[in-house]
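Visitor: I would like to learn how to read a few local features in a model. Please take them one at a time.

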Amino acid sequence: MAELQALKRLMDAARAPLRDWPARYPDHRAMGVLCSDVPQEMLHAAGFTPVRLRGTSAPLRYADAHLPSFTCALCRSCLDQLLGGELAFLAGTVLAHTCDAMQALADLWRMNTPDSWFVATVMQPINLGTPAARPYLLAELGRFRQRLAGLAGRPLSDDDLWASIALYDETRRLVGRLQTLRDRLTAVQFFAVLDAAQIMPREQFNPLLAGLLAALEQIPPRPAGPRLFLAGAVLDEPRLLEMVDALGAQVTGDDLCSGSRHFYGQVGGEGDPLAALTDYYLQRPPCPARLQPAHDPGRYLLERAREAQADGLLLVLQKFCEPHAFDYALLRPALERAGLPHLLLEMEHTPSLEALRTRLQALVEMLE
C-alpha cells in the first residue's frame, strides 16, 4: 500500500545520523534535549525543533578524558558526540534535573561549548508529593519561559504555547492509536517510529504517522509469539530489538523513557498554558529519579504488563544508572510475588551481543 511508504520514511528518519539533520530539515532550528522531562512544547513555541539526543555504539574518542568509566553510556556517548563535532548544528541543549551524572554533564556541556550556545537545566522538583511541588514547578517553567524568550528575541505568548501544546498533544494521541496496532509491526519498526517522533519536526511527523495508522488498520496482525513487556530507561541498542524479532517474540507494551512513557497522556486544558504543563508533568508516572509517595513502582509495572497481556517482562537497565537500579530493588519483590517471569539486562556502551542473545533466548523459550 502506498501509505506504508510512511513507515519507510519514518524508519529512515530514525536511523539517519544526527549530523545529517540540518540537510534533512533545512527550514528548522534544532534544540537538543536529553530527557522527556524537558517541556518540549516550550522549545517549539520559541521556534525550535526539539531533538532528543541518544547514545550510540560508536567507539568513544574524547569522553573518557571528562567522565569516569562508571558513568552511564548515555552521558558518555552524548558528550563524545558533542566533543567530536557531530552536534554542532544544535542551537543549544536543554537537560532535566535527574541524576548526578546528568548534572555533571550539564556543567561539562557549558565548559565545552561556545558562550553563544544555549545550555539550560529544567529543575523539576524531586519530591512530587509535597504541597510545594506545583508552585515550585510553575515558577520554574516561568523562569524557563523568560530564558527562551531572550533566546528567541520575542515573548512566548500564551497563543504560541497553546499552539505547540496542541501539536504535541496530537502526536501523543496518534501514538496512543499506534499502541493499539503494535501487533502489526515488529519491535524494530514500532520503536523506530517512536524514535522518529523524537527527532523529526512534529509538523512532518504527525501526517506521516496518521497515514501509517490508516494503512496498518487495513492489514492483519502478525503471527503471535511470546508476549514481552519492556521497561527501563533509555533503549539505545536497536540490535536488542532485532534479537526480540528474530526469536519470534512480540513486544505488546513498554514503559521505556525513550518509548511509550515519553508520549504519556495529554496536556489539554485551557487558561494558563504553564499551569497546564505543570499539571501534566506532575501527573505523569514518575521517573525513578523522582519521589512520588503515592506511587508504588511494583504495582504500577504489574498493572501495565497485565494491560498489555504480557507473558514476561524484560527490564533494560543502563549500567551505572543508580536511580533505575534502586528502582529495580523495589520492583523485584513485587514481580516475584506475582510470579511474572522477568529478565534484567544491564546495557553497556559496547555490550556483549552473544551474551544478551543467550539470556534473551532463554527467557523466550521459557515463555513458549
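**Reading local features**

Guide: Start with a side-chain pair: the side chains of S36 and R284 are joined by a polar contact of 3.2 Å. Keep in mind that this is a predicted model.

Visitor: Where is S36 placed, and is S36 buried or exposed?

Guide: S36 sits in the loop between β1 (30–33) and α3 (40–45). Its relative accessible area is 7%, and the limit for buried is under 20%, so S36 is buried.

Visitor: Which residues is S36 in contact with, leaving aside its neighbours within four places in sequence?

Guide: They are R52, C257, H262, Y281 and R284.

Visitor: How do α6 and α11 cross?

Guide: For a helix pair, read the distance and the angle between the axes. The axes of α6 (residues 133–152) and α11 (residues 273–283) come within 9 Å, with a crossing angle of roughly 125 degrees. Angles of 65 to 115 degrees count as roughly perpendicular and those over 145 as roughly antiparallel, so α6 and α11 are oblique to each other. Their crossing is right-handed.

Visitor: Which residues of helix α10 are buried, and what covers them?

Guide: In α10 (residues 238–246), the residues L240, L241, M243, V244 and D245 are buried. Their cover includes the helices α8 (187–197) and α14 (353–367), along with the strands β5 (227–232), β6 (250–256), β7 (312–318) and β8 (342–347). After α10 comes G248, with a positive phi near 80 degrees.

Visitor: Where do Q309 and F320 lie?

Guide: Q309 is in the loop between α12 (297–307) and β7, and F320 is in the loop between β7 and α13 (322–338). With a relative accessible area of 54%, Q309 is exposed. F320, at 42%, is partly exposed.

Technical notes. Residues numbered from 1 in each chain as written. Predicted model: local features only at pLDDT ≥ 70, side-chain atom pairs only at ≥ 80, totals over all residues. Heavy atoms only, no water. Axes fitted to C-alpha atoms, helices over the stretch in contact; angles between N-to-C directions. Helix = DSSP H or I, 4+ residues; strand = E, 2+ residues; numbered from the N terminus. Parallel < 35°, antiparallel > 145°, perpendicular 65-115°, else oblique. Left-handed = near helix turned anticlockwise from the far one by under 90°. Buried < 20%, exposed > 50% of the residue type's maximum accessible area, 1.4 Å probe, protein only. Contact = heavy atoms within 4.5 Å. Polar contact = N/O pair within 3.5 Å; in protein donor to acceptor, adjacent residues only side chain to side chain.
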